[in-house]
Amino acid sequence: MSSPPATSEQATPASAILFVFCAGLLFSCLDTSAKYLVLSGMDPAFVSWVRFATHLVLVFLLFRGWHNPAMFRVRNLPLQVLRGIFLFGSTIFNFAALRSLQLAETMSIAFFAPMLITALAGPLLGEWAGWRRWMAILAGLVGVIVITRPGFVAFQTGHLYALGSVLSYCFYVIMTRSMSAKESPESLIFYSALTPVLLMAPAVPYAASMPPDLFHWAILLALGFFGGFGHWLLIKAYKQATTTALAPYPYLQMVWMISAGYLVFDQFPDKWTLVGAGIIVASGLYIVHREHRLRLKNRTVPNAEDEDLAKKL
């Protein structure tokens with residue numbers, strides 16, 4: 001009997017899926033805690049600054065910065081700073097959006113980021129999407145419009161903050177992709193936390209709003225743990241499996257966000273948010289499917305011309 005043909009496709013390690021699953025839980029705790037703090041009257045800018053300050057301390061300890069020069073060594077400091085600004089913008093806009101939007105709403109809009117990254121990668125990185133992926137991007141945009149309903153009563157300033165957060169995050173990801181070949185992973189993680197801490201330090205005395213009790217202090221200081229440890233788990237996950245293999249699992253975070261919104265804030269998303277979220281998730285999963293198919297095609301194309309044709313599918 002002949003053995004079945006070998007395939008280069010492998011099952012995604014269960015540990016990698018678990019890491020992504022736990023990271024989603026931690027990121028949900030981060031947003032839930034931030035919403036709780038800003039609703040209690042704390043300034044989103046100060047909450048964001050503390051989140052990065054505690055994150056910075058954790059990164060320094062995790063990578064043993066006292067004898068790890070790779071963490072401080074950079075090839076292009078201005079780009080490192082700009083990348084850190086985009087990450088900070090994503091965070092502060094998100095925290096500001098949480099003042100008025102439900103957790104599920106901000107998460108649904110955030111899920112549009114992978115599609116927007118695909119669109120921006122063309123002009124910024126020269127990685128142009130084919131027409132099928134553009135259709136998925138447009139479908140995702142429809143999902144965002146369903147959630148925000150611009151021009152209707154449902155539209156709020158919080159939706160603008162959420163969209164600003166997504167746009168900042170997209171530029172952060174694109175810069176990460178373009179810089180990762182030249183900068184060390186340690187420096188990328190360290191300077192993305194150091195930049196917001198230093199740039200916002202002069203404004204902290206004016207934006208600072210001290211927690212009223214130990215409980216609020218504990219939540220505030222936990223933000224850095226939720227964010228820092230969550231990103232560390234993602235790094236662990238992507239060392240074991242490809243981005244494509246793990247791409248569907250972050251969408252499970254919607255379950256955590258809906259649950260947290262209901263249990264902590266007694267909020268449940270309306271039907272339009274659920275419909276829009278469904279459209280965005282479906283569009284994102286289709287893009288994941290297309291990336292997977294293109295990788296399989298690119299393994300068998302006989303020459304560069306056919307490979308270029310396959311990428312345009």
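**Figure 1. Burial and exposure across the predicted model.** A residue is buried under 20% relative accessible area, exposed over 50%, and partly exposed in between. Y161, at 34% relative accessibility, is therefore partly exposed. The model shown here is predicted. Of the 313 residues in the protein, 47% are buried. The accessible surface of the protein is about 16200 Å². Carbon and sulfur atoms supply 68% of that surface.

**Figure 2. Overall make-up of the fold.** The secondary structure comprises 14 helices and 0 strands. Read from the N terminus, the elements run α-α-α-α-α-α-α-α-α-α-α-α-α-α. Among contacts with a separation of 6 or more, 86% join residues 24 or more positions apart.

**Figure 3. Helix α4, a mostly covered segment.** This helix spans residues 103-110. Of its 8 residues, 7 are buried. The buried residues are L103, A104, E105, T106, M107, S108 and I109.

**Figure 4. The F72–F190 aromatic pair.** The protein has 10 aromatic pairs. One of them joins F72 and F190 in an edge-to-face arrangement. Their ring centres lie 5.2 Å apart, with 75° between the planes. F72 sits in the loop between α2 (44-62) and α3 (77-97), and F190 in helix α8 (residues 185-200), so the pair ties together parts that are 118 residues apart in sequence.

**Figure 5. The F93–Y161 aromatic pair.** The ring centres of F93 and Y161 are 6.3 Å apart and the planes meet at 25°, so this pair is stacked. It links distant parts of the chain: F93 lies in helix α3 and Y161 in helix α7 (residues 157-179). The two residues are 68 residues apart. F93 has a relative accessible area of 32%, which makes it partly exposed. Y161 is also partly exposed, at 34%.

**Figure 6. A nonpolar patch on the surface.** Y262, L263, V264, F268 and L274 form this patch. Together they present about 540 Å² of accessible area. Helix α12 (residues 253-265) gives the most to the patch, with 3 residues. F268 comes from the loop between α12 and α13 (271-298).

**Figure 7. R64, a residue with positive phi.** The phi angle of R64 is near 50°. That is a positive value in a residue other than glycine. R64 lies in the loop between α2 and α3. Its relative accessibility is 49%, so R64 counts as partly exposed.

Figure 8. A disulfide is a covalent bond between the sulfur atoms of two cysteines. The count in this model is 0 disulfides. C22 is partly exposed, with a relative accessible area of 28%. C170 is buried, at 0% relative accessibility.

Notes. Residues numbered from 1 in each chain as written. Predicted model: local features only at pLDDT ≥ 70, side-chain atom pairs only at ≥ 80, totals over all residues. Heavy atoms only, no water. Disulfide = S-S within 2.5 Å. Buried < 20%, exposed > 50% of the residue type's maximum accessible area, 1.4 Å probe, protein only. Patch = residues over 30% accessible without salt bridge, like charges linked within 9 Å, V, L, I, M, F, W, Y side chains within 5 Å. Areas by Shrake-Rupley, 256 points an atom, 1.4 Å probe, with all protein chains shown as cover. Salt bridge = Lys/Arg side-chain N within 4 Å of Asp/Glu carboxyl O. Helix = DSSP H or I, 4+ residues; strand = E, 2+ residues; numbered from the N terminus. Contact = heavy atoms within 4.5 Å. Phe/Tyr/Trp six-rings, centres within 6.5 Å; stacked < 30°, edge-to-face > 60°.
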